[in-house]
Amino acid sequence: MNTIGMKSLLAKEVRRFMRVPGQTVLSPLISTSLYFLVFGYSLAGRVHEVEGVPYLQFIVPGLVFMGLANNAFLNSSSSLFITKIQGTVVDLLVAPLGPLELMAGFIGGAMVRGLMVGGLTWAVATLFTGFRLEHAPAALLFLLLSSYTFSVLGILAAVWAEKFEQINFFPTFVMLPLTFLGGIFYSVRELPSPWNHISLFNPMVYMVEGLRYGMLGQSGFSPLLGAGILVGVALLATGVAWAALRSGYKLKA
Amino acid sequence: MSSTPALELRGLTKNYGGKLTALTDVNLTIRPGEIFALLGPNGAGKTTLIGSVCGLVKKTSGKILVFGHDLDEDPVRPRYEVGLVPQEINFDPFFSVAESLYIQQGYYGQKRDEARVMEVLTALNLRNKADSLTRALSGGMKRRLLIAKALVHKPRLVFLDEPTAGVDVELRRDLWNYVRKLAAEGTTIVLTTHYLEEAEELADRVGVINEGKLLLVEEKKALLRRLGEKRLIVTFTAPLSTPLPESVLKAGATLSEDGRTVTYPEREGRAPGGDILRALYTEGLPVGDVETRHSRLEDILIDILRGKPAAAAGAA
Ligand SMILES: Nc1ncnc2c1ncn2[C@@H]1O[C@H](COP(=O)(O)OP(=O)(O)OP(=O)(O)O)[C@@H](O)[C@H]1O
Ligand SMILES: [Mg+2]
């Protein structure tokens, strides 16, 4: 195990996004504040409570999740993809960095960014709704699981993509719809049939609901079941990414 | 010095997409501490060969041993010992020259070592650019940074894939001296180049590859001796009206069509050029200018690639 190599990659990844704080930190903060103002206030006028929680509070876990997931994914996918495009991936492939070191470096960097933006979003939300953290360990678990999973998915997207438009395929056609259908702004359980059942196949629902349980202390879903499903998803993604990096799929000629 | 080869290729074959065979059954042993020049035209397979060793190309079949370690058994560990200067320039615009080297040290499991980074930058004449962002470097400087990146972790086996493309003449000389110094310290060097002068200056041994096949591997000196010629060229002050003397013709000299120049390829086992010259004087021919020319690696390479029988006979 090349521990120093892994740490160097991780440190480089973190420094990379810290170099452009406007893009990596500020812009997600502005967008979440806008979500708050637009969705929160416009809907809060009509929807006072969801599942017994004031509406503004109800959407906080989902907004935190959205900042976290988007940024974790964006960081690992864009970083690895740019490395591919500018040719510096050669440095990584030639160096004594195996698939585990590479994954640890990219996932670590992406999780740091995801958690940072998620945390900042939460801090901003606190200004609007006050601070609530009912089950800290559960909240932490779902924050880590979500950021981890999206970091790995980012690696997969970057390995697979050959063109810039392909790197946007997953966030636009998969992540965005699943996020909006993931119960951020409404309760999935209160959807009319069959949408409430179909939604159960959306892994984002478990991330949002898990976080909701951790932060607000209640959720329509069993957090244990959610965590189980998410661990399964994370393991599957990890296995695929490991196999892809080990075989050199689309990275080696 | 250990006798384990720095690199051993056994039957190395690479097929791109199952169609184009870029390397066919390449067998090659690189000795520790030598400078080996791999020569061949565009598309011959040089970069593919290097990429296969360095983890950039997935070989189709064959074995690769780096300092005796089979890459199939452990593809990662042997790479601590290897450095690569890739043919294509790449750089990370986010980082400065020095930072790029610190990152590189880290990748190779080494602690940040400022003294070493400055040493390499000085050797490559980049010291005053240490804090510049890499995107602000000129093309030749970027290539020198690539070389610095490949060397900063003190690899024992270094691949230089056209290291001096786009580097100015003076720096090319500096670089040659640096490469010689590395080799003298025991570093094994495999280089490709299209500047044959470079191979001639640096290499201990030369390999010629074409269309994926290694045609020849030979000591540079032996190759120059075996296939190279010294030619004696005599120019007359006026065209000859008579044929050359019998003895001169027999020795293998030829007269040009305009009757003005005699060319005599001096090879091992033939009469020395002095004998020919003496014969010309004795006959009272109007000798004007006398010149000897040594053929260079360049001429030899062309012969080999054209498949001249004498050249091919030396195939290893
Ligand atoms: N990634 C790739 N996919 C498909 N074919 C490739 C790839 N890389 C190289 N080739 C082909 O393999 C052959 C050998 O290429 P290679 O780059 O090894 O040549 P080279 O000897 O390094 O040439 P040059 O002197 O131009 O650098 C060429 O026919 C090339 O088109
Ligand atoms: Mg090449």
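The expected span of a helix is 1.5 Å times one less than its number of residues, and this rule is used in the first of the close-up views below, which are all taken from a predicted model.

**View 1. Helix H4 of chain A, its length and its surroundings.** Helix H4 of chain A takes in residues 60-86, which makes 27 residues, and at 1.5 Å a residue these should span 39 Å. Of the 27 residues of H4(A), 21 are buried, so the helix is largely enclosed by the rest of the structure. Just after H4(A) comes Gly87(A), which takes a positive phi of about 90°.

**View 2. Ser147(A) within helix H7 of chain A.** Ser147(A) has its place in helix H7, which covers residues 136-160 of chain A. With a relative accessible area of 0%, Ser147(A) is buried, because buried means under 20% relative accessible area. Its side chain reaches the backbone oxygen of Leu143(A) at a distance of 3.0 Å. When residues up to four places away in sequence are not counted, Ser147(A) touches Leu68(A), Ala72(A), Met111(A) and Leu115(A).

**View 3. Thr179(A) and the residues around it.** Thr179(A) lies in helix H9, residues 169-180 of chain A, and counts as buried at 6% relative accessibility. Leaving aside its neighbours within four places in sequence, Thr179(A) is in contact with Phe65(A), Met66(A), Ile184(A) and Met204(A). Although Thr179(A) and Asn70(A) are 109 residues apart along the chain, their C-alpha atoms are separated by 9.7 Å.

**View 4. The interface of chain B and chain A.** Here 28 residues of chain B are in contact with 27 residues of chain A, and the area buried between the two chains is about 2,500 Å², of which carbon and sulfur atoms give 59%. On the side of chain B, Leu56(B), Phe94(B) and Tyr107(B) lose the most area to chain A, and together they make up 28% of what that side buries. Across the interface there are 13 residue pairs in polar contact, with both residues at pLDDT 80 or more. The elements of chain B that give two or more residues to the side touching chain A are strand S1 (7-16) and helix H2 (97-107), and H2(B) gives the most, with five residues. Sorted by class, the side of chain B that touches chain A has 15 nonpolar, six polar and seven charged residues.

**View 5. Salt bridges between the two chains.** Side chains of opposite charge can pair when their charged atoms come close. Between chain B and chain A the count is four salt bridges, and one of them joins Glu99(B) to Arg15(A), with the closest N and O atoms 2.8 Å apart. The side chains of Lys12(A) and Asp92(B) also meet in a salt bridge, at 3.7 Å from N to O. Lys12(A) lies in helix H1 of chain A and Asp92(B) in the loop between strand S6 (82-85) and H2 of chain B, so this pair joins two chains. Lys12(A) and Asp92(B) are both buried.

**View 6. Helix H2 of chain B and what covers it.** H2(B) is mostly covered, since eleven of its eleven residues are buried, among them Glu99(B), Tyr102(B) and Tyr107(B). What covers these buried residues includes helix H1 (3-18) and helix H5 (89-94) of chain A, together with helix H3 (114-123) and helix H4 (139-151) of chain B. H2(B) is followed by Gly109(B), whose phi is positive, near 75°.

**View 7. Salt bridges within a single chain.** Lys250(A) forms a salt bridge with Glu162(A), the closest N and O atoms being 3.0 Å apart. This pair links distant parts of the chain, with Lys250(A) in the segment after helix H12 (223-247) and Glu162(A) in the loop between H7 and helix H8 (164-167), 88 residues apart. Arg116(B) and Glu119(B) also form a salt bridge, at 2.9 Å between the closest N and O atoms, and both lie in helix H3 of chain B, three residues apart, about one turn of the helix. Arg116(B) is buried, with a relative accessible area of 9%, whereas Glu119(B) is partly exposed at 45%. Elsewhere in chain B, Lys59(B), Lys63(B), Asp70(B) and Asp72(B) are linked in a network of salt bridges.

How values were computed:
Residues are numbered from 1 along each chain as its sequence is written. Chains are lettered from A and ligands numbered from 1 in the order in which they are written. This is a predicted model: local features need pLDDT of at least 70, side-chain atom pairs count only at pLDDT 80 or more; totals for chains, interfaces and linings use all residues. Side-chain values use heavy atoms; hydrogens and water are left out. Helices (H or I, at least four residues) and strands (E, at least two) are DSSP runs, numbered from the N terminus. Buried means under 20% relative accessible area, exposed over 50%, partly exposed in between (1.4 Å probe, protein chains only). Contact means heavy atoms within 4.5 Å. Buried area is the accessible area (1.4 Å probe) that two parts lose on being put together, summed over both. A polar contact is a pair of N or O atoms within 3.5 Å; within protein, one must be able to donate a hydrogen and the other to accept it, and residues adjacent in sequence count only if both atoms are side-chain atoms. Ala, Val, Leu, Ile, Met, Phe, Trp, Tyr, Cys and Pro count as nonpolar, Asp, Glu, Lys and Arg as charged, and the others, Gly among them, as polar.
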